[in-house]
Amino acid sequence: MKNAFVIKGGKRLKGEIIPQGAKNEALQILSAVLLTKEKITISNIPDIKDVNKLIELLGDMGVQVERLSADTYTFEAANIDLDFFNSDAFKAKGGSLRGSIMIVGPLLARFGKASIPKPGGDKIGRRRLDTHFLGFEKLGARFNYNPENGFFNVDASDLKGTYILLDEASVTGTANIVMAAVLAKGTTTIYNAACEPYLQQLCKMLNRMGAKISGIGSNLLTIEGVTELHGTEHRMLPDMIEIGSFIGLAAMTGSEITIKNVQYKELGIIPDTFRRLGIKLELRGDDIFIPAQDHYEIETFIDGSIMTIADAPWPGFTPDLLSIVLVVATQAKGSVLIHQKMFESRLFFVDKLLDMGAQIILCDPHRATVIGLDKQMQLRGISMTSPDIRAGVSLLIAALSAQGESTIYNIEQIERGYQHIDERLKALGADITRI
């Protein structure tokens with residue numbers, strides 16, 4: 001198996017790139033097909049491992065899956081095999097896929113019960129599932145953990161709408177509870193709900209299916225339960241993490257790149273955050289054009305103090321792009337403090353950047369100060385291993401800007417989130433080979 005990239009860095013890239021469909025939206029939208037017997041057509045589905053695994057899992061459950069084109073599928077969940085959820089096959093597949101937790105809400109809503117193996121996934125610190133489970137419990141579900149087989153068994157034969165105040169504005173937690181609540185009896189109110197564009201997309205799709213959700217886009221959702229949902233068509237948003245990654249790539253490599261069809265109004269403060277690093281970008285229609293830049297200078301705060309860029313729940317800056325911002329800052333003029341509040345191990349790839357010649361002070365597991373080299377000193381190519389999806393792409397961007405050759409191992413981590421990334425970068429002129 002070819003599981004490493006060899007990159008010869010320091011080349012300027014040029015051209016157009018189309019972002020894939022949004023991975024984080026896909027995991028929610030695909031799970032929602034379980035809420036109805038009728039056919040659902042979904043387009044702009046990214047061709048990546050985590051999503052393909054979930055589609056395969058849906059097929060194993062008895063969903064009729066038909067691929068109409070490279071990015072468009074139909075799903076018909078008329079005959080679901082509920083015994084499959086207690087099988088070893090489900091434990092093996094569901095346990096290795098973090099997104100498998102997303103099927104619990106729809107299963108509880110439609111069938112009144114579910115089983116879920118303890119989930120796996122990224123090495124970015126503990127990801128709590130309490131928000132999901134507490135929400136289901138408030139709706140009337142009862143959990144029973146079986147330590148012998150590692151399964152949570154859930155009984156939800158009588159879900160009733162209720163008031164839920166989430167302890168954290170978890171995107172997947174909110175989505176899961178929304179999917180459970182749409183078929184519950186009565187009205188559910190979710191306060192401190194996540195309001196990411198992906199969640200808005202899910203709510204709009206559910207409403208087209210016959211759900212009654214109001215407050216979409218705010219942190220207070222009201223869901224009036226209905227008795228059944230119907231089929232629909234849905235197109236996914238482009239992946240905002242990819243869009244941010246490509247902005248960073250253009251700046252680091254001094255390249256002129258156009259990112260096509262970005263759905264700009266759904267990007268929130270992402271473009272402005274890159275502008276604060278001094279990166280020029282302009283909107284042309286619904287494309288982002290980034291001119292070739294030899295220098296970009298990090299702004300300071302109005303009083304002259306060092307800029308801080310921190311993650312926060314939407315509409316704050318997404319944690320998935322902090323590692324990209326950190327890498328891009330290494331070649332900027334000026335300094336910036338990167339504060340990763342939401343996950344405790346996401347900055348642990350900094351050692352690889354230090355080996356490449358970057359000037360970074362890792363203050364603690366959550367904060368790093370980057371002293372920009374202003375492109376006076378190129379990073380140098382090294383051999384390294386990708387720890388998780390986002391760090392992997394950040395290191396890939398660093399390698400593309402570096403002098404000499406870099407090898408990145410464990411690239412299946414990158415490919416869990418970015419489809420055919422090597423082919424798409426080659427089309428821009430990158431020197432990247434799979435070994």
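Colleague: What is the volume of the largest cavity?

Modeller: The largest cavity has a volume of about 50 Å³, a volume being the space filled by probe spheres set on grid points joined across faces, edges and corners. The model is predicted, with local features needing pLDDT of at least 70 and side-chain atom pairs counting only at pLDDT 80 or more, while totals for chains, interfaces and linings use all residues. Residues are numbered from 1 along each chain, and side-chain values use heavy atoms, without hydrogens and water.

Colleague: What makes a space a cavity and not a pocket?

Modeller: On a 1 Å grid over the protein atoms alone, a cavity is a set of points where a 1.4 Å probe fits but cannot get out, whereas a pocket is an open set with protein on both sides within 12 Å along at least five of seven lines. A search of the whole structure finds two cavities of 30 Å³ or more.

Colleague: Which residues line the largest cavity?

Modeller: Lining residues have an atom within 4 Å of a point; among them are Ser245, Phe246, Val393 and Ile397. Helix H12 gives the largest share, four residues. By class, the lining has eight nonpolar, one polar and no charged residues, where Ala, Val, Leu, Ile, Met, Phe, Trp, Tyr, Cys and Pro count as nonpolar, Asp, Glu, Lys and Arg as charged, and the others, Gly among them, as polar.

Colleague: Why is H10 called roughly parallel to H12?

Modeller: The axes of H10 (residues 322-329) and H12 (residues 389-401) come within 8 Å and cross at roughly 20°. Angles under 35 degrees count as roughly parallel, and therefore H10 is roughly parallel to H12. Axes are lines fitted to C-alpha atoms, for helices over the stretch in contact, with angles from 0 to 180 degrees between N-to-C directions. Helices are DSSP runs (H or I, at least four residues).

Colleague: Which residues of H10 meet H12?

Modeller: Ser323, Ile324 and Val327 of H10 meet residues of H12 including Val393 and Ile397, contact meaning heavy atoms within 4.5 Å. The contact has six nonpolar, two polar and one charged residues.

Colleague: Why are H4 and H6 described as roughly parallel?

Modeller: Their axes, from H4 (residues 104-111) and H6 (residues 171-181), come within 7 Å and cross at roughly 10°. H4 and H6 are therefore roughly parallel to each other. Val104, Gly105, Pro106 and Ala109 of H4 make the contact with Asn176, Met179 and Ala180 of H6.

Note on methods: Helices (H or I, at least four residues) and strands (E, at least two) are DSSP runs, numbered from the N terminus. Angles under 35 degrees count as roughly parallel, over 145 as roughly antiparallel, 65 to 115 as roughly perpendicular and the rest as oblique.
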